Amino acid sequence: MSWKPSAASADRLRAKLDDEFETVAKPEGLRRTSDARRGADAAGQGSNDAPPDQWQRSSEMRAAGRKGASGRYGSRAGSAREGEASGGDPSGGDPSGGDPSGGEPSDPSRKAKAPPKGPSLKMRAVGYLSRREHAREELARKLASHAEDPAEVDTVLDALEKEGWLSTERFAQSLVHRRASRQGAARIVQELRQHGVDDNQVAELREQLRATEYDRALEVWKRKFDAKPEDRAAYAKQARFLASRGFAHDVIRRILGAGDDE
């Protein structure tokens, strides 16, 4: 006669085996759930009955965990959506474009003015003067395109004159020295006036040039022709050349002689 275990013995054996298996393979949370399930089976409750308190607490804990996770990430997305709907910055900044730290809004017009590129007006002026002498009016024309305010040019020129860098009188003397060997008094005087040299100084320089006009014209004529004109055409050609250089007509007649059409 074979021994047949009772239903209660079978349940206890199955519970023991489950307990041993869960001890090895399942974490603590699942072990408590298995214990609760075995307790429910031992009490005769079916799978369709209401879960025990342990199951309910576990379900509530899991639901709370999911809700917390979704709350952490969902609240940020929700605030971003609310910011977009209100026309603001999704990142939570000031929609007016101001400083998120609470400062005043940035204004592009308040940016500091960038320093001008290239050398200063004074350095440009010194560069021009280092090459040759300049009259004040001539140097002012050259600096005008590099200045924002005409008053700046006058200030620089005043400082250069005070320091001895700029001198219109010195420029006039230099111009006469460069032109005298090739041009007559009329041509040189015209150029002096174009550069704004004072009329009194121009008159004084003209007298000096007139005193040496004949000798200078004779040297220019010799370098170009060095022979008296033989006919009216040659006379007209040589006279036009000397006149274009700015020499006086009386000086030209002394060099070429009295022409037939005098």
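**Figure 1. Leu-157 is a buried residue, with 1% relative accessibility.** Buried here means under 20% relative accessible area, whereas exposed means over 50% and partly exposed lies in between (1.4 Å probe, protein chains only). The model is predicted; local features need pLDDT of at least 70, side-chain atom pairs count only at pLDDT 80 or more, and totals for chains, interfaces and linings use all residues. Residues are numbered from 1 along each chain as its sequence is written, and side-chain values use heavy atoms, with hydrogens and water left out. Leu-157 belongs to helix α6, which spans residues 150-163. Helices (H or I, at least four residues) and strands (E, at least two) are DSSP runs, numbered from the N terminus. Leaving aside residues up to four places away in sequence, Leu-157 touches Arg-136, Leu-139, Ala-140, Leu-143 and Leu-166. Contact means heavy atoms within 4.5 Å. Between Leu-157 and Glu-137, 20 residues apart in sequence, the C-alpha to C-alpha distance is 9.6 Å.

**Figure 2. Helix α8 (residues 185-194) and helix α9 (residues 199-211) have axes that come within 10 Å and cross at roughly 160°.** Axes are lines fitted to C-alpha atoms, for helices over the stretch in contact, and angles run from 0 to 180 degrees between N-to-C directions. The two helices, α8 and α9, are therefore roughly antiparallel to each other. In this scheme, angles under 35 degrees count as roughly parallel, over 145 as roughly antiparallel, 65 to 115 as roughly perpendicular and the rest as oblique. The crossing of α8 and α9 is right-handed; a crossing has this hand if the near helix is turned clockwise from the far one by less than a right angle, and is left-handed if anticlockwise. From α8, the contact involves Ala-185, Ile-188, Val-189, Leu-192 and Arg-193, and from α9 it involves Val-202, Leu-205, Arg-206, Leu-209 and Arg-210. Sorted by class, the contact of α8 with α9 has seven nonpolar, no polar and three charged residues. Ala, Val, Leu, Ile, Met, Phe, Trp, Tyr, Cys and Pro count as nonpolar, Asp, Glu, Lys and Arg as charged, and the others, Gly among them, as polar.

**Figure 3. Gln-201 lies in helix α9.** With 12% relative accessibility, Gln-201 counts as buried. Beyond residues up to four places away in sequence, Gln-201 touches Thr-168, Glu-169 and Ala-172.

**Figure 4. Helix α11 (residues 232-244) and helix α12 (residues 249-256) cross at roughly 140°, their axes coming within 10 Å.** This angle makes α11 oblique to α12. The crossing of α11 and α12 is right-handed. Tyr-235, Gln-238, Ala-239, Leu-242 and Ala-243 of α11 make the contact with Ile-252, Arg-253 and Leu-256 of α12. By class, six nonpolar, one polar and one charged residues form the contact of α11 with α12.

**Figure 5. Residues 87-96 have a pLDDT that stays under 50.** The pLDDT is the predictor's confidence in each residue, from 0 to 100. For residues 87-96 the model has six contacts beyond four places in sequence. Over residues 98-103 the pLDDT is also below 50, and this stretch has three contacts in the model beyond near neighbours in sequence. Where pLDDT is low, the predicted coordinates should not be read in detail. The protein averages a pLDDT of 75, and 56% of the residues score at least 70.
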